[in-house]
Amino acid sequence: MEPIKAIGMMSGTSMDGIDVALLVTDGEAFVRPGPSRGYPYEADLRAQLKGAMRLARELAPGDPVPAEIAAAERELTLAHGGAVAMFFHQVGGPASGTRLLGFHGQTIFHAPERGRTWQLGDGPLLAQVTGFDTVHDFRTADVAAGGQGAPFVPLYHAALVARLRVRGLMGPVAVLNLGGVGNLTYVGPDGAIMAFDTGPANGPIDDWIEAHTGQRMDADGAVAAKGRVHEELVLAALDHPFFDLAPPKSLDRGDFPADLARGLSLEDGAATLTAFSAASVAAARDFLPEAPDLWIACGGGRRNPSLLAALRTRLGVPVLACEEVGWDGDAIEAQAFAYLAVRSLRGLPLSLPETTGVVRPMPGGRLAKARP
């Protein structure tokens, strides 16, 4: 198949907004990233989505979808349509010739052990609003077939690492995505991959900071940098059964709340939660075929110097922000869903036994055709 232009959209578990990225790809080895932009959620939409997340956790299978969740899904979809329109307006010519949208939507519930994962997003509505064929609902088929439904970016990570191999990078590499939840993709020297969620990343830190200051995050890790790590609390938190569970494994955004830091000062709480996120990653090494020579950090957490410093201390090897290897860290997940949309169109697997634990390589995604 000839490479095509696709736009990918991602709104991650940190619930900060919509990333939009253009990618030219054949869904396999050929990847040529194009321009990207980020569009923050309006405060009202973010509040709606948080409310939908709380409601989703209270529902039993088969319960009707509450009106509040349906309204949040519609608003989320329209916000994505607006983001696509703004993207085309801002980047102009480079977006011409686009044939496909990859629409991840917003995860509001993820419990693969119960056979459930829920990403808000109305693919047919987005296709209608934008006029582009839209691939959506990427994770459901994997979970229905016994997979974890996450992480879903590893095949794209592997394609990016393959490009680095051409430049001489030879040893085992881990690509670490630091969103609300942390996940890694291990890529061996022979190209073999393995992926799983490592534990919390930004989620508990963000929740702690928002609860105590009203700010959405620990900008530049400044609060954590002033605090003292309560190592005994980190060690106690690592006793959670998740960390003894062999991959594949995945988490919901709310599985590790900020309760670990209850009773600490603002600064000590931020420092301790940051250390816990780093310790979670270090614990994940025990499940890898080889200890990586290099960790490449993506996601919002790569902008947190306190978190990167904690990772370097606990891993003892280089940890680079992805920009240091020439990747656009703000766009990688959106690019990945453009890549996966093309794979879905071609009937190629989106997940593997080594990435989600699904029983066999699993295609997925649903295509919503734009009206002529």
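Predicted model: local features only at pLDDT ≥ 70, side-chain atom pairs only at ≥ 80, totals over all residues.
Figure 1. Twelve helices and twelve strands make up its secondary structure. The radius of gyration is 20 Å, close to the 21 Å from the globule rule for 372 residues, so the protein is as compact as a globular protein of that length. Its C-alpha atoms fill a box of roughly 60 × 50 × 40 Å along the principal axes. Of the contacts with a separation of 6 or more, 70% join residues 24 or more positions apart.

**Figure 2. The largest nonpolar core.** This core holds 40 residues. Phe138, Tyr156, Ile296, Trp327 and Tyr339 have the most contacts inside it. Elements giving two or more residues include strands S1 (4-11) and S2 (17-25), helix H5 (154-166) and helix H11 (332-346). H11 supplies the largest share, nine residues.

**Figure 3. Surroundings of Tyr156.** Neighbours within four places in sequence are left aside. Tyr156 then contacts Leu23, Val31, Pro33, Ile332, Gln335, Ala336 and Tyr339.

**Figure 4. A second core.** A separate core has 31 residues. Among them are Met9, Ala52, Ala56 and Phe87.

**Figure 5. Thr272 in helix H9.** Thr272 lies in H9, residues 266-284. Its relative accessible area is 0%, under the 20% cut-off, so Thr272 counts as buried. Beyond neighbours within four places in sequence, Thr272 touches Arg228, Val229, His230, Leu233, Val234, Leu260 and Leu264, all by contact.

**Figure 6. Surface and charge.** The protein exposes about 15000 Å², with 53% supplied by carbon and sulfur atoms. There are 32 positive and 42 negative side chains. The centres of these two sets lie 5 Å apart.

Conventions: Residues numbered from 1 in each chain as written. Heavy atoms only, no water. Core = buried A, V, L, I, M, F, W, Y, C linked by side-chain atoms within 4.5 Å. Buried < 20%, exposed > 50% of the residue type's maximum accessible area, 1.4 Å probe, protein only. Helix = DSSP H or I, 4+ residues; strand = E, 2+ residues; numbered from the N terminus. Contact = heavy atoms within 4.5 Å. Rg over C-alpha atoms; globule rule 2.2 N^0.38 Å. Areas by Shrake-Rupley, 256 points an atom, 1.4 Å probe, with all protein chains shown as cover. Lys, Arg positive; Asp, Glu negative; His and termini not counted. Charge placed at Lys NZ, Arg CZ, Asp CG, Glu CD.
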